[in-house]
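Biologist: Hi! I'm new to this one. Could you walk me through it?

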2 protein chains.
Amino acid sequence: MLRLSKLTDYAVVVLVRLGQPDAAGDACRDVQTSPCIAAATGIPEPTVAKVLKTLASGGLVGSQRGARGGYRLLRPLDAIPIADVIAAIDGPIALTACVEGSGNGCSTESLCPVRGRWDPVNAAIQDALGAITLADMQEAAIPRAFRIPALPPSGPALRAAE
Amino acid sequence: MLRLSKLTDYAVVVLVRLGQPDAAGDACRDVQTSPCIAAATGIPEPTVAKVLKTLASGGLVGSQRGARGGYRLLRPLDAIPIADVIAAIDGPIALTACVEGSGNGCSTESLCPVRGRWDPVNAAIQDALGAITLADMQEAAIPRAFRIPALPPSGPALRAAE
DNA sequence: CCATTCAGGACTGATAAGGTCCTCTATACC
DNA sequence: GGTATAGAGGACCTTATCAGTCCTGAATGG
């Protein structure tokens with residue numbers, strides 16, 4: 001499946017949200033709080049807090065403690081490649097245990113006919129993810145308002161009705 | 001981490017092995033059996049069987065039942081991109097639930113500012129993985145013999161003594 | 001007819017992710 | 001100075017998914 005974790009998905013949403021201070025409303029000014037972002041994105045507040053803390057550790061967002069504190073972007077959206085977000089949340093991109101840098105070795109590596117060959121694959125993916133920034137993903141956010149009203153109040157996971 | 005499953009890793013090893021009939025020895029001729037490949041790769045036999053069955057369902061390998069049966073490649077290694085292997089084992093490449101084609105919807109999608117924006121990211125990765133074939137990964141198999149003797153007899157899961 | 005080998009599924013244990021909560025510290029406002 | 005707010009940093013549990021094994025059945029060759 002080659003799926004990335006939900007947390008990373010959330011992180012992208014949260015970061016894009018942080019990059020739209022004007023859309024935040026009066027409750028959130030230059031910095032935005034976890035509850036504020038949670039309300040805006042629909043992601044549960046504890047999860048938002050967890051994501052933001054991780055992103056702060058990764059140096060993608062800055063934090064301000066105390067009353068009227070919150071989070072803010074340290075870089076503009078177009079300076080944050082997806083690869084950085086993934087690395088901050090999920091750790092360095094390593095498709096398999098064999099990829100160099102991921103410490104743990106492979107038990108069958110002495111027999112493995114593809115030893116070390118995942119590295120270029122990994123590099124190719126990293127390259128692809130490094131070329132796409134959050135700004136690229138934000139683009140789609142503009143016409144978002146045109147889609148929301150089209151949401152029918154039916155079906156649990158209905159998405160195709162547009 | 002963006003990690004792919006071990007089964008996919010195994011699949012690559014097994015497929016590369018299937019692409020080297022000359023290296024299989026007398027016990028395995030045109031077709032190779034699960035136990036044979038298991039012995040050659042060091043992967044447990046039931047797991048090899050599982051991988052091969054999955055690959056057969058995916059149309060990457062052909063199977064021959066009955067005595068003296070086994071598996072064989074349906075395409076040469078250089079005609080099998082990594083993306084196909086991943087798709088056969090792990091299903092279609094879908095980074096997030098939001099990527100089209102992955103059925104299940106996202107609960108917060110109506111608020112999500114990056115709706116549908118994972119698609120290009122996904123496409124970029126699929127593109128990168130589609131450009132690398134098993135033959136590319138096999139290349140490294142040639143100098144393998146030069147690396148094996150360098151293995152120190154320390155580690156716990158050492159199995160190279162053959 | 002029997003041995004071999006794949007097909008297909010069920011089952012179980014281990015591992016990791018997802019999510020929640022608690023306590024502590026820092027800051028702003030009264 | 002006191003209090004409310006808000007992040008820091010963990011601990012924790014719950015759940016889902018994967019990895020691995022095994023069993024039964026069907027096809028094929030000798």
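Modeller: Happy to! Let's start with strand 1 and strand 2 of chain A, which form a hairpin with five residues between them. In that turn, A:Gly66 has a positive phi of about 80°. Keep in mind that this is a predicted model.

Biologist: Do those strands pair in the parallel or the antiparallel sense, and over how many bridges?

Modeller: Strand 1 and strand 2 of chain A are antiparallel, with four bridges.

Biologist: And what stands opposite A:Gln64?

Modeller: That is A:Gly70, which belongs to strand 2 of chain A.

Biologist: OK, zooming out. How many helices and strands does chain A have?

Modeller: Chain A has seven helices and two strands. The order along the sequence is α-α-α-β-β-α-α-α-α. Of its 162 residues, 45% count as buried.

Biologist: How much accessible surface does chain A have?

Modeller: About 7700 Å², and 55% of that belongs to carbon and sulfur atoms.

Biologist: Let's look at helix 3 of chain A. Which of its residues are buried?

Modeller: A:Val48, A:Ala49, A:Val51, A:Leu52 and A:Leu55 are buried there. Viewed down the axis of helix 3 of chain A, the buried residues fall within an arc of 165°, so they line one face of the helix.

Biologist: Why would residues a few places apart point the same way?

Modeller: An α-helix has 3.6 residues a turn, so residues three or four places apart point the same way.

Biologist: What's on the face turned away from the buried side of helix 3 of chain A?

Modeller: That face carries the exposed residues A:Pro46, A:Lys50, A:Lys53 and A:Ser57.

Biologist: And what covers the buried residues of that helix?

Modeller: The cover includes helix 1 (6–18), helix 2 (34–41) and helix 4 (82–90) of chain A, along with strand 1 (61–64) and strand 2 (70–73).

Biologist: What is the relative accessibility of A:Arg75 and of A:Asp84?

Modeller: A:Arg75 is partly exposed at 30%, and A:Asp84 is partly exposed at 28%.

Terms used
Residues numbered from 1 in each chain as written. Chains lettered and ligands numbered in written order. Predicted model: local features only at pLDDT ≥ 70, side-chain atom pairs only at ≥ 80, totals over all residues. Heavy atoms only, no water. Buried < 20%, exposed > 50% of the residue type's maximum accessible area, 1.4 Å probe, protein only. Areas by Shrake-Rupley, 256 points an atom, 1.4 Å probe, with all protein chains shown as cover. Arc of directions from axis to C-beta. Contact = heavy atoms within 4.5 Å. Pairing = 2+ DSSP bridges.
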